[in-house]
Amino acid sequence: NKDVLILAIESSCDETAAAVVKNGRTVLSSVINSQIDIHTLYGGVVPEIASRKHIENINPVIELALKQADVTLDDITAIGVTYGPGLVGALLVGVAEAKAIAFAKKKPLVGVHHIEGHISANYIEHPDLEPPFAALVVSGGHTHLVMVKDYGTYEIIGRTRDDAAGEAFDKVARAVGLGYPGGPKVDKLAKEGNPHAIEFPRAHVDDAPYDFSFSGIKSAVLNYINSCEMKQIEINKADLVASFQNAVVEALVSRAIRLTEEMHIKKLAIAGGVASNSALRAALTRECDSHGIQFYSPSPILCTDNAAMIGAAAYYEYMRGTRHGYDLNAVPNLKL
Ligand code: KG4
Ligand code: ZN
């Protein structure tokens, strides 16, 4: 049997996830235990609680993933695990678990970068997608424009100088009282608003045309809310979040399209939690179409944190010969 079966583990933030992935592209099972209900009580992810919940959940999640794939650990070719970036205590649970299984079952251990995982979600969704392509990675912790030169070979072209895109969504959502996580709620409410109602600043970073800055937009939204409250003007929340979202989407789309043009690359993929934003998807679909670029996006369940994407990334790392030892450690600020 030449099939490569990866058991993948993801625990970098508030999702405990395990998956079994065949040959990098076929998901045999994908189990996600979200802790969102607990963290919502606190308005955001509490690292200490996340670690404890990962410890409680990781064994049952892995057992379920194996069961749903109808395999045992003996059938698995290698263990893939996210070892960074992320919350150190959360990452450590997955890494320790992966090392223990690898040791006990004498299986190769393959550490994966979380962002590489997000990008690789596209390999699952689009069996025809192969490097090179440009990728826009937008999540709660990251905003990167990346050139995927080959499997496992990346060049970061642009990044955020301050807040991540998802972070800006979450902060604005909190300011208008939409709750956590804010992205999906802003997305929904924005559908009822006018995206051109309020003109928010589009920040540019001098000498770094591909870098992003979202703290200025976020502050402008907060200032707008404060000044309305002072003047006792009622705020149209739908218009406000639609205008905010429009500013963020414009910043993301303009740089992504510019990159494909300058690099003469005809393929653009998106990834990360914010990639499920409907306005971003619509704008990229439209712009890619008019520029003759093939646009790739994972379905929403593959956009937010999951282990199937880690399995896809681990497969290509495994095929490239990447192996980690039992000294593999969690690296909270791991570089791509
Ligand atoms: O990739 P992800 O699950 O976790 C990280 O690795 O950060 O991304 C979570 C982020 C959160 O900030 C959440 O608000 C945002 O993705 N998000 C969205 C949408 N769905 C999730 N942001 C905008 N629109 C959405 N539909
Ligand atoms: Zn993520």
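Before I check a helix length, I note that the expected span of a helix is 1.5 Å times one less than its number of residues. Helices (H or I, at least four residues) and strands (E, at least two) are DSSP runs, numbered from the N terminus.

**Entry 1: setting up.** I am working with a predicted model, where local features need pLDDT of at least 70, side-chain atom pairs count only at pLDDT 80 or more, and totals for chains, interfaces and linings use all residues. Residues are numbered from 1 along each chain as its sequence is written, while chains are lettered from A and ligands numbered from 1 in the order in which they are written.

**Entry 2: helix α3.** I took the 18 residues of α3 (88-105), which should span 26 Å at 1.5 Å a residue, and found the end C-alpha atoms 25 Å apart, which agrees. I then looked for its buried residues (20 or more other C-beta atoms within 10 Å of a residue's own, with C-beta atoms placed from the backbone). They are Ala90, Leu91, Val93, Gly94, Val95, Glu97, Ala98, Lys99 and Ala102. Their cover includes β1 (5-10), α2 (47-69), β4 (78-84) and β5 (109-113).

**Entry 3: two domains.** An automatic or database domain assignment supplies the bounds, and the chain splits into domain 1 (5-120 + 303-319) and domain 2 (131-300). Taken over C-alpha atoms, their centres are 27 Å apart. I counted contacts (C-beta atoms, placed from the backbone, within 7 Å), and 11 residues of domain 1 meet 21 residues of domain 2. On the domain 1 side, α1 (36-40), α4 (114-125) and α11 (308-319) are the elements that give two or more residues. Of these, α4 gives the most, with 3 residues.

**Entry 4: ligand 1.** Which residues are closest to ligand 1? I counted a residue as near if its C-beta atom, placed from the backbone, lies within 6 Å. That gives 19 residues around ligand 1, and the closest are Gly140, Gly166, Gly183, Gly273 and Asn277. Helices α5 (165-175) and α6 (182-190) each supply at least two residues of this shell, and α6 gives the most, with 4 residues. By class, the shell holds 5 nonpolar, 11 polar and 3 charged residues. My classes were nonpolar for Ala, Val, Leu, Ile, Met, Phe, Trp, Tyr, Cys and Pro, charged for Asp, Glu, Lys and Arg, and polar for the others, Gly among them. Ligand 1 lies between domain 1 and domain 2, because both give residues to its shell.

**Entry 5: annotated positions.** I looked up UniProt, whose positions are given in the numbering used here, with feature names shortened and annotations that may be inferred rather than shown by experiment. The unreviewed entry's "binding site" covers residues including Val138, Ser139, Gly140 and Asn277. Val138 lies in strand β6 (133-138) and is buried, with 29 other C-beta atoms within 10 Å. Ser139 sits in the loop between β6 and β7 (143-150), and with 24 such atoms within 10 Å it is buried.

The unreviewed entry also places "binding site" at His114, His118 and Asp305. These are spread over 192 residues of sequence, yet they cluster in space, with a largest C-alpha distance of 8.9 Å. His114 is in helix α4, and Asp305 is in the loop between α10 (300-303) and α11. Leaving aside neighbours within four places in sequence, Asp305 is in contact with Glu10, Cys13, Glu15 and Ala17.

Conventions
Buried ≥ 20, exposed ≤ 12 C-beta atoms within 10 Å, placed from the backbone. Contact = placed C-beta atoms within 7 Å.
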